[in-house]
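Student: I would like to learn how to read sheets, helix packing and aromatic pairs in a model. Could you take me through a case?

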Amino acid sequence: MKLYYAPGACSLADHIALHEAGLSFEHERVDLKTKITAHGADYRAITPKGYVPALAFDGGPVLTENIAILYWIAEQTPALMPEGPLGRARLLEAMAYISSEIHKSFKPFFQRRGEDETRPAGDAITRQFTLLAETMKGDYLFGAFSVADPFLFVMLRWAFAFGIEVPEPLVAYFERIKARPAVARAMAEEGIA
């Protein structure tokens with residue numbers, strides 16, 4: 001299988017999770033402006049959505065969207081899914097919140113909007129982070145590391161890059177995740193520090 005990514009984009013979460021799961025995969029960079037892959041392919045032929053991530057399986061099927069890919073990874077490696085009768089639902093709940101609330105709130109920053117739009121977005125992101133910090137179950141979102149953690153890690157990377165206030169428990173959380181070997185490997189493979 002092959003992960004299509006853009007350096008530092010939300011696809012970094014999938015890259016980390018694949019390494020955490022110990023799954024064998026290739027990875028290929030995508031230029032999101034030109035929609036051309038590192039090997040010269042038209043990325044829109046791989047996924048008409050034109051954005052990352054995409055996970056192409058041997059034989060042709062392609063899975064897109066962080067929540068779907070991360071959930072698939074957790075199904076392959078149950079240790080990356082929260083335990084308990086609501087474990088799967090809680091995982092989907094956390095990833096949906098990260099995707100639909102936090103991830104989308106970064107839009108004004110990536111579109112280089114003015115402070116009149118980025119300030120309220122930054123304040124919203126801080127509130128959203130605070131909610132997650134208050135509901136953490138220990139060192140990670142669910143106590144043990146899950147596929148939701150790399151997704152939140154990427155959002156925190158963006159927050160630090162844009163100067164958005166991050167609650168103290170998530171600063172320490174970020175450092176714990178950053179120290180994981182799978183994170184260092186994925187970031188090195190994407191050429192980011």
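Tutor: We begin with the conventions, then turn to the sheet, the helices and the rings.

Tutor: This is a predicted model, in which local features need pLDDT of at least 70 and side-chain atom pairs count only at pLDDT 80 or more, while totals for chains, interfaces and linings use all residues. Residues are numbered from 1 along each chain as its sequence is written, and side-chain values use heavy atoms, with hydrogens and water left out.

Student: In what order do the strands of the open sheet lie?

Tutor: Strands (E, at least two residues) and helices (H or I, at least four) are DSSP runs numbered from the N terminus, and two strands pair if DSSP finds at least two bridges between them. Here five strands form an open sheet in the order β3-β2-β1-β4-β5, with mixed pairing. Because β3 (36-37) and β5 (62-64) each have a single partner strand, they stand at the edges, and one side of each is left without a neighbour in the sheet. Inside the sheet, β1 (residues 2-5) pairs with β2 (residues 26-31) in the parallel sense over four bridges, and L3 has H27 in β2 as its bridge partner.

Student: At what angle do α3 and α4 pack?

Tutor: Axes are lines fitted to C-alpha atoms, for helices over the stretch in contact, and angles run from 0 to 180 degrees between N-to-C directions. Helix α3 (residues 66-76) packs on helix α4 (residues 87-105) at about 150°, with the axes 10 Å apart. The two are therefore roughly antiparallel, a label for angles over 145 degrees. Their contact (heavy atoms within 4.5 Å) is made by I67, L70, Y71, A74 and E75 of α3 and by R88, L91, L92, M95, A96 and S99 of α4. Helix α3 also lies across β4 (54-56) and β5, running at about 115° to β5.

Student: How is a pair of aromatic rings described?

Tutor: Such a pair is described by the distance of the centres and the angle of the planes. Rings of Phe, Tyr and Trp (its six-membered ring) pair if their centres lie within 6.5 Å, and planes under 30 degrees apart count as stacked, over 60 as edge-to-face and the rest as tilted. The structure holds 13 aromatic pairs, among them the tilted pair of Y4 and Y43, with 5.6 Å centre to centre and 50° between the planes. Since Y4 lies in strand β1 and Y43 in helix α2 (residues 43-46), the pair ties together parts that are 39 residues apart in sequence.

Technical notes
Parallel < 35°, antiparallel > 145°, perpendicular 65-115°, else oblique.
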